[in-house]
Amino acid sequence: MKRRKQIAGGLLALIILTLVGGIWSWRRYQATQMSKSSMPIRIGSKDFTENLIVAEIYALALEDHGYRVERVSHISSSLIHNAIVSNDIDLYPEYTGTGLLSILGEKMETNSDKVYETVKNGYEKRFQLTWLKPSLANDSQGLVIRTDVAKKLHIQTISDLQAHANNLRFASQGEFDERDDGLPGLEKTYGPFKWKSSNVYDNSLKYSILANNQADVSPSYTTEGQLINTDQFTLLEDDKHFWPPYNVAPVVRDDVLAKYPDVASILNHVSATLDTKTVTQLNAKVDVDGQDYTKVAKAYYESIKD
C-alpha cells in the first residue's frame, strides 16, 4: 500500500512538473512572439531595381518567421549608410566594394574574402553594424560590348578590348572618364584606351545606344537585367582583376541582432541562394519584362522557402 502511494505521488509530481514546464515554455513562446510583433524591423533599400528586390526578399523572409516589417524604400545610395547609423532603419542590402571604398575609404582590394573581412571588422568597430554572410551575387562594375562586334574582333576580355579600342566607339557616362575606379584606373591596369570616338550618354540609355548601333562599348554593372540578352550584349571579363568585388549582403544594427538573434540565420539563408546569374535574371524580370519588383521578389521567395 505504501509502495502504491509512493508511485502515485511520484506520478503526480511528474505530471505537475510537466504541466509547469509546458506552461513556462508556452509563456516563453508567447513572450518571443509578442517581442517580434511589438516593434517592426525597418528594412531600407536603395533606389534601384536590384536593391529593391533583395530588400523585399529580406522583408518577406522575416515576415514568414513572424516578424513585423516596415519597408523604407528608395533611399538614395549616398544617404542610406547615414540612415542606418542614425537609427532610421535597422538593416538593408549593401555591397562589399561600396563598404570598402565609399564608406571605410580603404584602398582597392580584389580578393573577395579580404574585402568582406575588412568591411565586417571596420563596420563593427566604427558603427556597431554587423555584416551578415555575403551572397555570391557580385554587382561589380564592368564593360559591355555589342555581341556582333565582340565576335567579329574576337573580344572576350578587357585586355582584348584595349587592343582594339581604336576601332571602337565608346558610350561613356561622363564621370566614368574621371573616377579612379573608372577609365583612369583601367588605363593604369590595362594601358591606354584610344577609342575611335567617345561620347557621353545618360546611363539609362546605354543599352538602347548599343542596340541602335550608335556605339560599341559602354560601362555597365555585372548584374544588369539587359545582360541576359547575350545575343546582343557581351559582358567582358576583367581578366586583370581591376575592380573589387561587390557582393551583396545584409548589414544589420547590432542592437537589432542582440534582440532578435535569429534574424541572422533567416537572412543568411536568403543570401545563400543568390548568385550573379540569379540576381541578373531577377533584375531582367523588372527592367526588361516590366514586372513589379514586389511580385518578382515574392515569386522568388516562394521558390526558396524551407
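Are tyrosine 123 and tryptophan 131 buried or exposed? In this model, which is predicted, tyrosine 123 is buried, and tryptophan 131 is buried too. Their rings form an aromatic pair of the edge-to-face kind, with 5.3 Å from centre to centre and 80° between the planes. The angle is what decides the name, because planes over 60 degrees apart count as edge-to-face.

This pair belongs to a set of 9 aromatic pairs that the structure holds. Another of them joins phenylalanine 170 to phenylalanine 176, where the centres lie 6.0 Å apart and the planes make an angle of 45°, so that the pair is described as tilted. Phenylalanine 170 and phenylalanine 176 are both buried, and together with Phe193 and Trp195 they form one aromatic cluster.

From the rings we can turn to a strand. Strand 1, which runs over residues 41-46, is mostly covered, since 6 of its 6 residues are buried. In a regular strand the side chains alternate between the two faces of the sheet. The pattern can be followed residue by residue here: Ile41, Ile43 and Ser45 point one way from strand 1, while Arg42, Gly44 and Lys46 point the other way, and all of them are buried.

Strand 1 also has a partner, for it pairs with strand 2 (residues 69-75) in the parallel sense over 5 bridges. Taken with helix 2, strand 1 and strand 2 make a right-handed β-α-β unit.

Helix 2, residues 49-64, leads us on to another part of the chain, as it is one of the elements against which the buried residues of helix 13 pack, the others being helix 11 (262-272) and helix 12 (276-287). Helix 13 itself covers residues 293-304, and its 12 residues reach 17 Å from the first C-alpha to the last, which is close to the 16 Å expected at 1.5 Å a residue.

Which residues of helix 13 are buried? They are Val296, Ala297, Tyr300, Tyr301 and Ile304. These residues lie on the same side of helix 13, because they cover an arc of only 130° around the axis. An α-helix has 3.6 residues a turn, so residues three or four places apart point the same way. On the face of helix 13 that is turned away from its buried side, the reader will find the exposed residues Lys295 and Ser303.

Notes: Residues are numbered from 1 along each chain as its sequence is written. This is a predicted model: local features need pLDDT of at least 70, side-chain atom pairs count only at pLDDT 80 or more; totals for chains, interfaces and linings use all residues. Side-chain values use heavy atoms; hydrogens and water are left out. Helices (H or I, at least four residues) and strands (E, at least two) are DSSP runs, numbered from the N terminus. The expected span of a helix is 1.5 Å times one less than its number of residues. Buried means under 20% relative accessible area, exposed over 50%, partly exposed in between (1.4 Å probe, protein chains only). The arc is that of the directions from the helix axis to the C-beta atoms. Contact means heavy atoms within 4.5 Å. Rings of Phe, Tyr and Trp (its six-membered ring) pair if their centres lie within 6.5 Å; planes under 30 degrees apart count as stacked, over 60 as edge-to-face and the rest as tilted. Two strands pair if DSSP finds at least two bridges between them. A crossover is right-handed if, with the strands pointing away from the viewer, the path from the first strand over the helix to the second runs clockwise.
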